Amino acid sequence: MTVSAWERPWCGRLSRTDLGREVELVGWLRRRRDLGGLVFVDLRDRTGLVQLVFEDAMVGEGEKLSGQDVLRVRGVVRERAEGQANPDLATGEVEVRVDELELLSEAETPPFVIEDDTNASEDLRLSYRYLDLRRPVMAANLVLRHRVVAETRRYFDEMEFVEVETPILTRSTPEGARDFLVPSRLHKGSFYALPQSPQLFKQLLQVAGLGRYVQIARCFRDEDLRADRQPEFTQIDVEASFVREEDILLLTEGLFRRIFPLVGIEPPDPFPRLQYAQAMERFGSDRPDTRFGLELVELGPLCAGCGFRVLEAAAAEGRVKGLVLPGGAALSRKQLDALSDFVKPYGAAGVLWFKRTAEGVASPAKKALGEAGVERFLDAAAAGPGDLLLVVGGAEKVVLAVLGALRVHLARQHDLIPEGRHDFLWVTDFPLLEWSDEDGRFYACHHPFTAPRPEDADRLESDPATVHARAYDVVLDGVELGGGSIRINNPALQRRMFAALGIDEEEAKARFGFLLEAFRYGVPPHGGIALGLDRIVMLMAGLDSIRDVIAFPKTTSGACLMTAAPAGVNPSQLSELGIESRRKDEG
Ligand code: ASP
């Protein structure tokens with residue numbers, strides 16, 4: 001009997017319904033146990049494992065196996081002996097008595113133990129990623145990712161979207177990050193840029209009349225990396241014509257209601273919405289985690305003439321806000337100092353604390369404010385007995401960023417995030433532009449093709465900072481899953497937007513001339529969104545690094561430890577490209 005590969009059962013799927021069946025199995029040896037006259041072997045594939053038994057004449061064959069050998073066996077599925085069932089294993093009630101064995105490939109001892117629980121360092125795992133991916137938990141992440149992509153494609157197909165591939169070798173696209181450049185051999189001295197997103201192409205597909213576009217698109221941004229960032233990542237990229245904000249929000253919610261149930265998460269219908277300004281005031285973040293309280297309270301009005309100079313000055317020049325940690329009055333001096341250290345990298349000098357305890361109130365500001373003054377602050381923040389009020393003052397940007405970060409830090413530290421809860425929400429009404437003190441100019445909060453709210457558009461020149469964008473972000477548990485906007489579809493408005501960003505006619509023509517040109521030939525109102533596939537799968541799998549849901553990710557320094565990319569190239573390759581490489585120290 002030769003079975004076709006496609007008919008062979010998976011190791012991890014055998015069950016009582018297969019009892020008595022003769023099966024052919026293939027996979028990797030996971031563990032061998034010799035019981036004298038009996039050899040047990042676990043055979044593993046990506047679905048799980050099943051126990052093989054070598055007995056009688058086959059014992060000698062079983063004894064030869066080791067490590068991660070690759071096997072093909074034939075045998076009969078039978079019930080495990082009385083009391084031998086393993087309830088922790090999907091195949092725990094059955095085993096396969098081996099009648100025939102073929103050793104397909106002998107394996108050396110791997111550099112780390114291939115089990116779900118591993119203490120191998122991430123570097124070692126990344127260097128031998130193919131062994132790391134043999135671990136069932138990692139394989140499950142890849143399978144989940146595949147399911148999400150498959151369901152996403154089904155959903156958009158049903159909604160009559162068309163998947164279109166856009167170029168990888170292109171020219172600089174405007175998401176505000178650094179480009180990866182690829183030198184051109186045929187046009188020496190010229191470079192392609194890898195796309196930071198397919199933004200302009202998906203807009204041009206609307207000018208083309210496609211109407212509904214989707215792409216599981218690879219994007220490239222040469223940025224400093226973190227746990228939830230990679231130099232190349234995948235977006236579910238969407239654009240549609242004749243739509244308003246509402247249409248894109250409903251479309252996205254519909255997608256999430258299709259994919260999140262794959263892991264038992266049921267998103268709400270509809271998603272709550274929060275305006276950007278509210279999100280910042282209440283949570284100190286434009287991607288608020290609303291699964292716990294610790295909301296920010298306004299303390300500015302209490303500060304004028306309060307007697308504590310630091311607060312008076314902060315309120316006069318900026319903002320003073322705080323948050324209450326319930327039960328936090330029990331925090332030690334050392335723990336409070338640690339909080340001050342935590343906020344320093346965010347630009348604050350420290351945190352001022354106020355406690356209400358059975359003995360009364362306490363604060364380093366008590367001398368200046370007096371007992372009644374301290375009470376006033378605690379009352380304004382509704383801090384009850386046993387509570388701690390933490391206060392930060394200074395420039396608005398700093399105060400909000402510091403308290404936003406502190407809020408999340410405290411929630412984690414004090415275990416305030418309810419297990420199993422997931423909060424989806426939209427953040428809307430973003431500002432169109434953001435002022436950079438450093439560069440003395442405005443930047444687009446989203447990107448330069450985002451439309452201003454029509455009622456604000458006439459302030460684009462006179463009061464640009466007050467113009468709102470027709471942009472939206474979708475957030476889950478404090479993680480931004482994606483964002484998009486309704487686009488500018490009027491060439492005159494697009495030019496005014498470029499001007500507001502300090503991009504003059506000439507530069508606009510050089511960088512985006514093809515878009516402006518296209519806008520002359522009939523451009524429908526359109527808008528879209530891009531969703532971070534890696535982050536979505538990461539959250540669905542309950543993980544906190546996107547590297548664990550990417551088959552071959554890079555380290556935080558952008559290196560691939562397995563292939564040793566990036567790597568030097570042959571001088572002849574460079575000369576073909578017309579490039580001369582000189583190290584800095586060579587002058
Ligand atoms: N291109 C945008 C991004 O990558 C998303 C969008 O506006 O659709 O963030």
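This is a predicted model: local features need pLDDT of at least 70, side-chain atom pairs count only at pLDDT 80 or more; totals for chains, interfaces and linings use all residues.

Colleague: What makes a space a cavity and not a pocket?

Modeller: Work on a 1 Å grid over the protein atoms alone: in a cavity a 1.4 Å probe fits but cannot get out, while a pocket is an open set with protein on both sides within 12 Å along at least five of seven lines. Grid points are joined across faces, edges and corners, and a volume is the space filled by probe spheres set on the points. The largest cavity holds about 40 Å³.

Colleague: Which residues line the largest cavity?

Modeller: Lining residues have an atom within 4 Å of a point. Here they are Leu-126, Arg-129, Phe-552, Pro-553, Ala-559, Cys-560, Leu-561 and Met-562. Seven are nonpolar, none polar and one charged. In this scheme Ala, Val, Leu, Ile, Met, Phe, Trp, Tyr, Cys and Pro are nonpolar, Asp, Glu, Lys and Arg are charged, and the others, Gly among them, are polar.

Colleague: How many residues line the second largest pocket, and which lie nearest its centre?

Modeller: That pocket has 24 lining residues, with Phe-180, Leu-181, Leu-194, Pro-566 and Ala-567 nearest its centre. Strand 7 (181-183) and helix 16 (571-576) each give two or more residues to the lining. Strand 7 gives the largest share, three residues. The volume is about 620 Å³. By class, the lining has 14 nonpolar, five polar and five charged residues.

Colleague: Why are helix 5 and helix 14 called roughly parallel?

Modeller: Axes are lines fitted to C-alpha atoms, for helices over the stretch in contact, and angles run from 0 to 180 degrees between N-to-C directions. Helix 5 (residues 199-207) and helix 14 (residues 505-518) cross at roughly 20 degrees, their axes coming within 10 Å. Angles under 35 degrees count as roughly parallel, over 145 as roughly antiparallel, 65 to 115 as roughly perpendicular and the rest as oblique. So helix 5 and helix 14 are roughly parallel.

Colleague: Which residues meet there?

Modeller: Leu-200, Gln-203, Leu-204 and Val-207 of helix 5 meet Phe-512, Phe-514, Leu-515 and Ala-518 of helix 14. Contact means heavy atoms within 4.5 Å. Seven of these residues are nonpolar, one is polar and none is charged.

Colleague: Why is the pair of helix 4 and helix 15 called oblique?

Modeller: Helix 4 (residues 136-158) and helix 15 pack at about 120 degrees, with axes 10 Å apart. Helix 4 and helix 15 are therefore oblique to each other. Asn-141, Leu-144, Arg-145, Val-148 and Val-149 of helix 4 make the contact with Leu-533, Asp-534, Val-537 and Met-540 of helix 15. That contact has six nonpolar, one polar and two charged residues.

Definitions and conventions: Residues are numbered from 1 along each chain as its sequence is written. Side-chain values use heavy atoms; hydrogens and water are left out. Helices (H or I, at least four residues) and strands (E, at least two) are DSSP runs, numbered from the N terminus.
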